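Work through these exercises with the model open beside you. Each task is followed by a solution in steps.

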Amino acid sequence: MNSIKIEKGGISFLKNMIRLHPLIDEFLQDNDKEPSWDGDIILYSNEDLKAENILYRVPAQVKGKNDGSLLNRKMITYPVEYKHLRNYFNDSGVCYFVIIISNNGRKAAIFYNALTPIKLQSLLEGKEDKKPDQTKNIPLNRLRDNDEKELFKILWQFGYERSEQGAKEIVKKSIAYDDLEKIDSISVTTIVTDPEEILQNITAGEICLFGHMADSDIWLPFKYETQINMEHFRCEMVNKTFGIDGVPFYDCFKMKKSNKNLFIQLSDNLKINIVDNTISFIPLSELQQIIDDLKFLSAIQNGKYFSVDDKPVCIYGAIQLEKSVQNAIKVFKQLNDAVTEFKICIEKRWDELTEIDLNALNELVKIYKGRIIPKTGVYAWHMWWWQGKVVPFFIAVNDKGKVSVENGMHFKYFRIAIIGENTQYDVPAFMLFKKDVWEKLYDVKKNFMIEAVKKYEMNAITKTGYERLLLDILSAYDTTRNENYYDVALVIIDRLLDFDPNDNYSKVNRLQLIKRKRSLSEDELLELEYIEENANEKKLLCGINILLENKRKAEKILDSISEKDREIFRTYPIYNLLKI
């Protein structure tokens, strides 16, 4: 076929395609002699095709080729002279078309490459020594089904990328691999709506990724090579159970699909590569999630298939876990046994643990395994530090050398009792703690403490222990402002008053609790004045005047008592109100 007819036929075929779409018009010349370009394609936002509704102007170059063997290809290459590529780069890009025409001229296929500035930068980089008439083979993709709607999407994306990539100076600053650590977010804009197609276009470099440079607060495009060599994932949250052989282990999971792999992300720590049947386990999350993942890993060795909502989805072969994973299962099992036995909550993420934290967890396992023993005698307290707080452990050794360990908050095997004349009365284990322990106590479980206070008997023998516990907890509240302590103190004082409603010390202690939250009412002040009129114990009178805000009188009473009693009084929480 004559070369002029081939060129005209190619442009004519593209023009007919453009005419089919209501939002595209063209200004393409048949057998155009303009250097490097054949004209422009215009995209509009309205079918009236008025100038004020122009979206993008797309410079275009159209070539025709008579080769029927290429009609059904998905991709072809075409030689383009470097002088033209440089012109396109200086003009911020071109949409390059090659129209393949059958030998009889009755069939045609459109191939294209939207040569954005980023793509042209890639084609020209390191080619400065190439002579103008030398050529570069560029790849061109076939327009799917010769569909005018697909053509509009291609032209729209090119127009957008051309306007955003713009000046050569921006392209020169484009993001390479070494710059990835400098960006804090990534964005992409496209007219395409199908997630699968978006991922394919990003991977192919047809849609450009932009990164925000944190230090300079500017958005820059990714280099073409950087983008197409990255693995891009499409993530989808699946709200279905995931398990083994129909037994669910997870309530939901993420599917991460890329051009190369398909991952099932079960947690921050654990993902399965479905393509190559491998498992990646890296501890990152809180301990409980790690333990749940390890249970799954243990079960997977004896299973046959993965299941979603109890239905088989993938049969897997024999999976031999790496030695590092097997070791991790043993280590974390011991740690989990320790925190379960001692009822300790470890909430810090594993990837945030410091060396001090890891040493503390190793120490906890040693405590659990009975490797820490009293230095003298048969029992001792051992303070385990975690995150600047303590968990008191009571360690005892029997006459056979067996070590027993209890979390001091709640004894499971030992009993703490106050002995009366003819009997003994159990009390909460934490009654042994003093103010300094309460101030540093880790993971205060309010409900457990309240249940323990209510569980054991209040009587004339145990009353003193509860009074001491009340004062220690209230003192710790003044230091830490831990509301759990205040709530427990309220329960203790209620029990003391239920046992002896006429006890003046308990009445004053109840009122000092109230005083920490609000001013005392008129009736409460009258109650204090009545107690004062009938009291003669100086420490009680001092406390009453503190609550009545008679500070001068309170200090005078305090000065009148012995130095020993004065020092003791200053340890009471009510003395804190005198200093306000």
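**Exercise 1. Find which residues of α13 and α14 meet, and state how the two helices are oriented.**

Step 1. This is a predicted model. Locate helix α13 at residues 463–480 and α14 at 483–499.

Step 2. List the contacts on the α13 side: K463, Y466, E467, L469, L470, I473, A476, Y477 and T480. Their partners in α14 are E483, Y485, Y486, V488, A489, I492, I493, L496 and F499.

Step 3. Take the geometry. The axes of α13 and α14 are 9 Å apart, and the packing angle is about 155°.

Step 4. Classify the angle. Over 145 degrees counts as roughly antiparallel. The pair α13 and α14 is therefore roughly antiparallel. Their crossing is left-handed.

**Exercise 2. Carry out the analysis for α14 and α15.**

Step 1. Find α15 at residues 504–515.

Step 2. Read off the contacts. From α14 come Y486, A489, L490, I493, L496 and L497. From α15 come S506, K507, N509, R510, L513 and I514.

Step 3. Check the axes. Those of α14 and α15 come within 10 Å and cross at roughly 155°. α14 and α15 are therefore roughly antiparallel, and the crossing is left-handed.

**Exercise 3. Is D503 buried or exposed, and which residues does D503 contact beyond its sequence neighbours?**

Step 1. Apply the cut-off. Buried means under 20% relative accessible area. D503 has 14%, so D503 is buried.

Step 2. Set aside neighbours within four places in sequence. D503 then touches K463, E467 and L497. K463 and E467 also belong to the α13 side of the α13–α14 contact. L497 is among the α14 residues that meet α15.

**Exercise 4. Why do the buried residues of α2 lie on the same side of the helix?**

Step 1. Name them. In α2 (residues 82–90), Y82, H84, L85, Y88 and F89 are buried.

Step 2. Look down the axis. These residues cover an arc of only 160°, which puts them on the same side of α2.

Step 3. Recall the helix repeat. An α-helix has 3.6 residues a turn, so residues three or four places apart point the same way.

Step 4. Look just past the helix. S92 follows α2 and has a positive phi, near 65°.

**Exercise 5. Give the strand order of the open three-stranded sheet and identify its edge strands.**

Step 1. The order is β8-β9-β10, and the pairing is antiparallel.

Step 2. β8 (183–187) and β10 (218–221) are the edges, as each pairs on one side only. On average, neighbouring strands in this sheet are turned by 30° against each other, direction ignored.

Step 3. Inspect one pairing. β8 and β9 (residues 210–213) are joined antiparallel over four bridges. Here I183 faces M213 of β9.

**Exercise 6. How many residues separate β12 and β13 in their hairpin?**

Step 1. Confirm the pairing. β12 (residues 242–244) and β13 (residues 247–250) are antiparallel over three bridges. F242 stands opposite Y250 in β13.

Step 2. Count the turn. Two residues lie between the strands of the hairpin. D245, in that turn, has a positive phi of about 50°.

Terms used:
Residues numbered from 1 in each chain as written. Predicted model: local features only at pLDDT ≥ 70, side-chain atom pairs only at ≥ 80, totals over all residues. Heavy atoms only, no water. Buried < 20%, exposed > 50% of the residue type's maximum accessible area, 1.4 Å probe, protein only. Arc of directions from axis to C-beta. Pairing = 2+ DSSP bridges. Axes fitted to C-alpha atoms, helices over the stretch in contact; angles between N-to-C directions. Contact = heavy atoms within 4.5 Å. Parallel < 35°, antiparallel > 145°, perpendicular 65-115°, else oblique. Left-handed = near helix turned anticlockwise from the far one by under 90°.
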